[in-house]
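Welcome, and thank you for taking a look at this one with me. Below are some points to read with the model open beside you.

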Amino acid sequence: MGFAGIAVGAAMAGLRPICEFMTFNFSMQAIDQVINSAAKTYYMSGGLQNVPIVFRGPNGASAGVAAQHSQCFAAWYGHCPGLKVVSPWNAEDAKGLIKSAIRDNNPVVMLENELMYGVAFEFPQEAQSKDFLIPIGKAKIERQGTHITVVAHSRPVGHCVEAAAVLAKEGIECEVINMRTIRPMDIETIEASVMKTNHLVTVEGGWPQFGVGAEICARIMEGPAFNFLDAPAVRVTGTDVPMPYAKILEDNCVPQVKDIIFAIKKTLNI
Amino acid sequence: MMQTVRRMELKADQLYKQKIIRGFCHLCDGQEACCVGMEAGINPTDHLITAYRAHGFTFTRGLSVREILAELTGRRGGCAKGKGGSMHMYAKNFYGGNGIVGAQVPLGAGIALACKYNGKDEVCLTLYGDGAANQGQIFEAYNMAALWKLPCIFICENNRYGMGTSVERAAASTDYYKRGDFIPGMRVDGMDVLCVREATKFAAAHCRAGKGPILMELQTYRYHGHSMSDPGVSYRTREEIQEVRSKSDPIMLLKDRMVNSNLASVEELKEIDVEVRKEIEDAAQFATADPEPPLEELGYHIYSNEPPFEVRGANQWIKFKSIS
């Protein structure tokens, strides 16, 4: 509350602060400053006062940190007009999105993932530049496919890519979409993909109710892609309990590759 | 200036009772010496942030009565284009108008941090009330401001009541000027505009000298209830209100002083009153006649510096355009 407010105040007075939460679980205490002081201010002031701040930190489940330290806030922050919310998966996402977030004149929440910090990725040439930016509000197709659209954000994108590799051996070609941005959501990329594949599975680490997948499904129903669905859209999510500590329990509370494969096959009626 | 604030607040009271102003309306009549005295003690390049009892500060920080009243009546000529209302008015170096009790205090410390970072010897006046003074985030702000020697003047406007709760019932220590612990504090007569001005000057000099934050408790009083929904007499007596009005009214105190020291005649002061009334009447006219903001602009100002996009309305077919 204290330092989050100080960061927002500094942004209002013209600096470009980055406010880091050790994990987004702690942001719940400071959430008033993120929403009421940062997100809403440009609108409430009739366009007079902008707040160029970045809130960043690890989000979602880690390993063995139990219930109070494992919550995913994508749905919470994604709910609020005035905020931008990004969720990187790999190294180039992390670099491109944080740079775009800092250069953005609006409050941006960057939901990182602790378990991804240590994972190495191939870094393409253009990503080496110090001005490498990934636009906020644009999803990326990580893997082209024709049979089903699989949409995820953050760490689960990796699981989807793995699931797609396994299924490719059985002749099922998955199109894997890395959302990169939660808000404003790039629903157009998802719609175009669904209109091509006719099937949709969403994957996220957060709880199912009122989550990112729920929003994607609602928007698909409201848009042109609905008529192209050959089966209801399906969600793969975190288990609907506070995160337990014991390894066997924790493992069954986050979506695993096998859960994604199962959901894909169910949707395709295989 | 105090007279303008007084008349403006009384006009707002009138407009509210006529239902031309809706929602929240927290008036500061009785507390005029605070906003006017503070402004006299700082520069326009200094910064100020307060809570929701903000109309007086909005005026002293440079906005016109017209823009303020039109914002209260929710019209396009309002300082926030009708989007903010009573609690969300902004001006240059004035950061509102904040609705969440206490949240403005860390914000103020952050503005002070920016002042220090920019190195231009500016200070930030960070206001809060006797109610907010007990909040945890205030103490977090005290700590960081002192630790990093931020040029932040913490100002507690103690009007003796946090909504309907008297200070004796709310605080284990009502010595609000001491609550900063390691931050030096002064208690100031908030009904005497010259006292407020001098104290503010002293505090600003302290901060500009790089000595870190300082705290001021202004002992003041509000004639109205907490807001227009509060008659203000269920937790205090009419006698108490009357006593403050007759003995400590800030405008009366200054007038008496000026007349007794031959700085102004009674007639000159009357002339000021007449001018002020006219200004307020004009402003009220504007605020009632100006049209409401256009519906097409409902979605504007979501993001700053952003290409236009669409905002969803009550159903998927209703869309509003959003431009920055």
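**Notes for a new reader**

1. B:Arg187 belongs to strand E6 (residues 185-189) of chain B and B:Glu217 to strand E7 (residues 214-219) of chain B, so the pair ties together parts that are 30 residues apart in sequence. Salt bridges with shared partners join B:Asp175, B:Lys178, B:Arg187 and B:Glu217 into one network. Please keep in mind throughout that this is a predicted model.

2. Are the two partners buried or exposed? B:Arg187 counts as partly exposed, at 36% relative accessibility, whereas B:Glu217 is buried, with a relative accessible area of 0%.

3. Over all chains, the count comes to 32 salt bridges. One of them, in chain A, is formed by A:Lys138 and A:Asp186, with the closest N and O atoms 3.2 Å apart. This pair links distant parts of the chain, 48 residues apart: A:Lys138 is in the loop between strand E4 (108-112) and strand E5 (140-143) of chain A, and A:Asp186 is in the loop between strand E8 (181-183) and helix H7 (187-197) of chain A. A:Lys138 is partly exposed, with a relative accessible area of 43%, while A:Asp186, at 5% relative accessibility, counts as buried.

4. Now to the place where the chains meet. Here 35 residues of chain A are in contact with 34 residues of chain B. The area buried between chain A and chain B is about 3000 Å², and carbon and sulfur atoms give 63% of it. Of the area that chain A buries against chain B, A:Ile6, A:Tyr43 and A:Met44 supply 22%, more than any other three residues. A:Tyr43 also takes part in another way: the charged end of B:Lys83 sits over its ring, 4.3 Å from the centre.

5. How many salt bridges cross the interface of chain A and chain B? There are two. In one, the side chains of A:Lys84 and B:Glu306 meet at 2.6 Å, N to O. The side chains of B:Arg312 and A:Glu222 also meet in a salt bridge, at 2.5 Å, N to O. B:Arg312 lies in strand E8 (residues 309-312) of chain B and A:Glu222 in helix H8 (residues 212-222) of chain A, so the pair joins two chains. B:Arg312 is partly exposed, with a relative accessible area of 47%, and A:Glu222 counts as partly exposed at 30% relative accessibility.

6. The structure holds eleven aromatic pairs over all chains. The rings of A:Phe21 and A:Phe24 have centres 5.7 Å apart and planes at 55°, so this pair is tilted. Both A:Phe21 and A:Phe24 are buried, and they belong to one aromatic cluster that also includes A:Trp76 and A:Tyr77.

7. In chain B, the aromatic pair of B:Phe139 and B:Tyr142 is edge-to-face, with 5.2 Å from centre to centre and 85° between the planes. Both residues lie in helix H6 (residues 136-147) of chain B, three residues apart, about one turn of the helix. B:Phe139 is partly exposed, with a relative accessible area of 31%, but B:Tyr142 counts as buried at 1% relative accessibility.

8. Finally, find helix H2 (residues 32-41) of chain B: nine of its ten residues are buried, so this helix is largely enclosed by the rest of the structure. Among the buried ones are B:Cys34, B:Cys35 and B:Met38.

Technical notes: Residues numbered from 1 in each chain as written. Chains lettered and ligands numbered in written order. Predicted model: local features only at pLDDT ≥ 70, side-chain atom pairs only at ≥ 80, totals over all residues. Heavy atoms only, no water. Phe/Tyr/Trp six-rings, centres within 6.5 Å; stacked < 30°, edge-to-face > 60°. Buried < 20%, exposed > 50% of the residue type's maximum accessible area, 1.4 Å probe, protein only. Helix = DSSP H or I, 4+ residues; strand = E, 2+ residues; numbered from the N terminus. Lys NZ or Arg CZ within 6 Å of the ring centre and 35° of its normal. Contact = heavy atoms within 4.5 Å. Buried area = accessible area lost by both parts, 1.4 Å probe. Salt bridge = Lys/Arg side-chain N within 4 Å of Asp/Glu carboxyl O.
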